[in-house]
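Subject: Structure handover and findings

Hello,

Here is the structure you were expecting. My notes follow below it.

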Amino acid sequence: MRHPLQARRPSGRWALLSLLAATWWLAAPPAAAQDTATPKAAAPQADDAPPATHAASLQADGPPAAAQAAAPQADSPPAEGGAPSTDGAAGAGAPSGGAGGAASDARDPAERSAARRDRPGATSSRATPSKKRRGDINPCMTPDPGWGVYDRWSRAPSIGQMIMPHRGGVTKRGGFDVIIHFHGHEALRKEFVKTAEGAVLVGIDLGIGSGAYSSAFSAPYVFENLLDSIERAVAKKTGKKKAYIRKLGLSSWSAGYGAVEQILRQPAGKRVDALVLLDSLHAGYADEQQHKLKVAQIEPFIAFARRAAAGEAFMFMSHSSILPPGYASTAETADFIVRQLRGKPRGSSRADVLGLDMIQRFDRGDFHVRGYTGDDKPDHCAHLGLMADVVRVHLNPRWKSPRGRR
C-alpha cells in the first residue's frame, strides 16, 4: 500500500532514481574519496597539514533563540535525479553512516558508540527526533509553500533549470544576482522562495554521487557556458539586451559539492561571491586510521573560507553527525577548515529547524559554520531547511538584490 505522503511523488524513472538516492547516498564513496577523481589542477597534497528557522543561529554574534515549533522546511523530490527520499526510503539511512555502513558494520553497539566518539567532530548518538519535534513533517518531503514572486522552472540554462521573478529582479542597467544550487534543486527552491527578494535561482541535479557533478564541470567552458546561458535567458525575459550577472553564489547539498570544487578551481570561480554548503563537503582519507584528509581535494574550500573570514566573500557551512564509511564526514571537513584558520568551534545547545539540534558553531568575518547532531537520512535532508534564513539573514542584506514582483 502506498504511503499517503508518496502520492505527490513523481512517477516513473524519477521515482526510481529517488529511491536509489535514498539507499545509496552514503553507501558509495564520493569522488573525493577516490584517487582518480582528484582534479589535475590540484596542488600537491599537504600530508603534514593539521588536521529556523532561527535567524540567530546564522548570525555571527546573535544569541541563540528559542526553538520554533513546526516550521515547514526542507525537502521534496526534485524533477531530476538524485532526489531525497520518501518516508519509506528514509529509513535506509543507518545511524552508523548510511545503508552501506549499516550493512558492513556488525560490531557491538557499545563498540560502535565508542568508535563514533573517537572520530573527529563526532558526537554521541541521539535518538531520532519525534514527529512532534520535527513539526509532524518529513524533512525529506516537506509541504510546498508556493512560488512567491517567482515563476515556474524554465529549461533556459544550458544545464539544469532556473526561476526568476515574474517582474523585476534586474537593475536599470540589466544587473541581476544569481544562486546556482547543486543537488536537490526542487527541495532548495521551496526554502529559497520563502525569503529571496529577487535573485535568480538555478538548480542542477545530475545524479547520486559527487562524481557525476565533478565530471560534468571538470572542463571550464561548461560553467562559462552556463553563466552565458543564464544571462541570455534573463535578457530575453526582461527585455534588457545587456543583462549581466552582478552577484554570483554557489550552493550545494550532499553530493553537489563535486561541482562546486571544480568551479572554484577555474578562472570563472573567481567571480563567486557567496558559497553555501548544506551538509555537503566530504574528502578522501590519506590515512583512514589516523583520519588524515587528502587536503588537496578541499583546498579550494579552504581558500574561499579564508576570503570569507577576511570579509572578502561570504561562506556558510553546516554539518551533521553522520559518519560515512571510508571517507571523511562533513563534520571532519568543517573542523579541518576551521583549524586552517587557527580557530576552534564553540559549543552550542539549541533546537533548530526540523528537529536539528545545534552542538557547535564558528564565526569569523563572513565565514560561518554550524554543527548539528543527527545521523540519519531525515537529519541530512533537514539541512536544506537552513537555506531560507541563510538568504534572509546574510544574502539579502549583502547583495541587496533588485526586488522582484508578481
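Which residues of α8 meet which residues of α9? Tyr257, Val260, Glu261 and Leu264 of α8 meet Pro300, Phe301 and Phe304 of α9. Contact here means heavy atoms within 4.5 Å. By class, that contact has six nonpolar residues, no polar ones and one charged. The classes are as follows: Ala, Val, Leu, Ile, Met, Phe, Trp, Tyr, Cys and Pro count as nonpolar, Asp, Glu, Lys and Arg as charged, and the others, Gly among them, as polar.

First, the ground rules. This is a predicted model, where local features need pLDDT of at least 70, side-chain atom pairs count only at pLDDT 80 or more, and totals for chains, interfaces and linings use all residues. Residues are numbered from 1 along each chain as its sequence is written, and side-chain values use heavy atoms, with hydrogens and water left out.

**Overview**

The protein chain has 12 helices and 13 strands. These are DSSP runs numbered from the N terminus: helices are H or I with at least four residues, strands are E with at least two. Of the 406 residues in the chain, 58% are buried. Buried means under 20% relative accessible area, exposed over 50%, and partly exposed in between (1.4 Å probe, protein chains only). The accessible surface comes to about 16300 Å², and carbon and sulfur atoms hold 51% of that. Areas come from the Shrake-Rupley method with a 1.4 Å probe; for residues, only the protein chains shown count as cover.

Helix α8 spans residues 257-264 and is mostly covered. Eight of its eight residues are buried. They are Tyr257, Gly258, Ala259, Val260, Glu261, Gln262, Ile263 and Leu264. These buried residues pack against β3 (175-182), α6 (210-216), α7 (220-238), β5 (244-253), β6 (272-278) and α9.

The axes of α8 and α9 come within 9 Å and cross at roughly 70°. Axes are lines fitted to C-alpha atoms, for helices over the stretch in contact, and angles run from 0 to 180 degrees between N-to-C directions. The two helices are therefore roughly perpendicular, a label for angles of 65 to 115 degrees.

Isoleucine 302 sits in α9 (residues 299-309). Its relative accessibility is 5%, so isoleucine 302 counts as buried. Beyond its neighbours within four places in sequence, isoleucine 302 contacts Val295, Phe336, Ile337 and Gln340. Alanine 334 is 32 residues from isoleucine 302 in sequence, and their C-alpha atoms are 9.6 Å apart.

**The sheet**

What is the strand order of the open sheet? Its nine strands run β1-β4-β3-β5-β6-β9-β12-β11-β10, with mixed pairing. β1 (161-163) and β10 stand at the edges with a single partner strand each, so one side of each has no neighbour in the sheet. On average, neighbouring strands are turned by 20° against each other, direction ignored.

Strands pair if DSSP finds at least two bridges between them. β11 and β12 (residues 367-372) pair in the antiparallel sense over six bridges. Within that pairing, glutamine 360 has glycine 371 in β12 as its bridge partner. Two helices pack on this sheet. α9 touches β6, β9 (314-319), β11 and β12, and its direction makes about 115° with that of β6. Helix α12 (residues 387-399) touches β3, β5, β6, β9 and β12, and its direction makes about 170° with that of β6.

β5 is mostly covered, with seven of its 10 residues buried. Eight bridges join β5 to β3, and the two run parallel. Glycine 175 stands opposite tyrosine 244 in β5. β5 also pairs with β6 in the parallel sense, over six bridges. There, tryptophan 253 has leucine 278 in β6 as its bridge partner.

**Single residues to look at**

- Arginine 342: phi near 60°, a positive value in a residue other than glycine. This residue lies in the loop between α10 (330-340) and β10 (346-351).
- Leucine 354 is buried, at 4%.
- Threonine 195: placed in helix α5 (residues 185-195) and buried, at 15%. Leaving aside neighbours within four places in sequence, threonine 195 contacts Ala388, Val391, Arg392 and Asn396.

Best regards

How values were computed
Angles under 35 degrees count as roughly parallel, over 145 as roughly antiparallel, 65 to 115 as roughly perpendicular and the rest as oblique.
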